[in-house]
Amino acid sequence: MRIAPHLALGLIPAACLAQAPEDPQLASLIQEALARNPDAARSSAMARAEKERIPQAGALPDPVLSLGLQNDGFKKLQIGQMETSYYSIMVTQPLLWPGKRGLRGDIARMGSQAAMESLSRVRLTLEADIRRGYVALLLVRSQLRLLDQQALFLQQAETTARVRYEVGQGAQVDLLRAQLERTRLEQSRLDLQSEERATLAALNRLRALPPDAPLATERTLEQQPDPAPIRATEADGARNLSPELKAARIAVDQAGKSLELARLDRRPDFAVTAGYMPRGGFDPMWTASVSITLPVWQKRKQAQAVVEQEHRRRASGSEVESLEALIGQRVQERAAQMDAALGVLRVYRSGLLVQSETSFRATLAQYGVGKVPFLSVLEALNGWIADQSGLLQAQARAQAIAIAQRELNLGSVPPIGSTSLGGTALGGGGGAPASAGARKGAAAGSESESSSMKSM
C-alpha cells in the first residue's frame, strides 16, 4: 500500500533558518520591565536615598541654642535691679577633629556607590529573568506546535491503520492503539498549556501587568540565533563588570576609610560656646568658652573600634579574592557548558534529525505494505518527535547558559525547560526521558499489543 509523501513531512530544522539579530520584541519587553518593575523602582529609590546621605555625613553637628535665666532670690525677678540677675542666650557649636568630617563623607560616598552596584545587580537580574521567561515562553509554544504535528501524524497513522483493517490487512488493535496514543497526547497538551500560563504570568509580573495579560510572540524559538561560544578569557571582563565584585572592592576601600576614622576617633572633639546676657538697666555681659571631649575610656572604646575595623578590612579583602576566584570558575564552567550545548545542536542538525526522520519514513512505508507491526510505526514517530523536542530543549539550554553569562550570575545556570515530547507512549529519541508514569504506560501498552499479535 502506497503512503502519501506528506505524511513524513517534519518541522524545518533551525539550522535552515537565517541568523537574525536579537528579537526586537524581547528588547521591548526588557525596556518595559526596567521602566515598570517595582523591585527596580525600589532599588533605584534606595540608591538615590544613599546618595543623599553624602552631604549629611560631611556636615557639621547642629549647633545648640540655650536660653536661660539667672535671678537673685525667689520672691521676684531682680533683672535690672541686681547686677547678678540676667537673661542668657548661648550658642554652642560642636567641632570635630580635623579630617573626621572628610572621612565620614568618603564613607557615605562609597556607601552610595555600593548602592548603585546593588541597583545594577537588580537590573541585570531583571533583564535575565525577562530573557529566561521569554525563551521559556517560546519553548513551550514550540512544544505545543510540535504536539500538534505529532497529533496530525497520529491521526494520519490511524487513518492508515483503519484502511488496512477494513481491507483485512491489519489488526483492530492497531486502530485502537493509534486512538490511545492520540488520547495520551492530551495529557501532554494540558501540561504544556499549564506551563504556558505559568510562564506568561511570571513574565507579566516582571512587567507589572495582570497575570493573564496576553503576549503574542512574533518569533519562534527555532528562529532565535544560537549564542556565541564563551571564551575562558572572558573572566577578566566579567570581573570588571560584576556588581558583586565591584561592591566588594568598594567595601575594601570603605573599610580602609572606616579604619582611618576609627584611629582619628581617638582624638578629642571640641565645642565652641558664645553667650550674651542682658541685665536690664545694667551693662550686658557676654561669655565665650571652648570645651573638649576627654577620651578617658579609649582602651575600651576607641582602641577596640580600631581593631574591629582592621578585622573588617581583612574580611573585605578576603571576599574580593573569593569572588574573583568564583567568577573565573563560573566563566570556565559556562564555556565548557556552551561548547557542549552547541555541540549537541550540531549533532541534532547535522545527522540525528535526518536519521530520525528517515527512520520514520521507512517504517511508515513498510507498515503500509505489512512488513512491520504498527508498534514500530509508533516507536519511530515518537522517536522522531522526541528528537525534535530534544533540539528545542537543547536550544533553550544554550540560551540559558548565554543569559547566565550575560547576567554575570555567580550561581549555577538557571534552567529553562518544559515538558518534553515523544515519550508519551514509548519514549526514546533524543529528547528528555519520559516520566515514570509514561514509561509504565508504554510498557503496559507494549505488552497488550504483543498479546494481541500472538492471538492473530
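1. Arginine 334 is buried (under 20% relative accessible area, with a 1.4 Å probe and protein chains only), yet has no salt bridge, a term that here requires a side-chain nitrogen of Lys or Arg within 4 Å of a carboxyl oxygen of Asp or Glu. The nearest side chain of opposite charge (Lys and Arg count as positive, Asp and Glu as negative, with His and the chain ends not counted) belongs to glutamate 333, 5.8 Å away. This is a predicted model, in which local features need pLDDT of at least 70 and side-chain atom pairs count only at pLDDT 80 or more, while totals for chains, interfaces and linings use all residues. Side-chain values use heavy atoms, without hydrogens and water, and residues are numbered from 1 along each chain as its sequence is written.

2. Arginine 334 sits in helix H7, residues 302-368, where helices are DSSP runs of H or I with at least four residues, strands are runs of E with at least two, and both are numbered from the N terminus. Apart from neighbours within four places in sequence, its contacts include Ile230, Ile401, Gln405 and Val413, contact being heavy atoms within 4.5 Å.

3. Alanine 228 belongs to the loop between helix H4 (172-206) and helix H5 (234-241). Its relative accessible area is 55%, so alanine 228 counts as exposed, the cut-off being over 50%. The C-alpha atoms of alanine 228 and alanine 398 are 9.3 Å apart, although 170 residues separate the two along the chain.

4. Leucine 67, in strand S1, is likewise exposed, with a relative accessible area of 67%.
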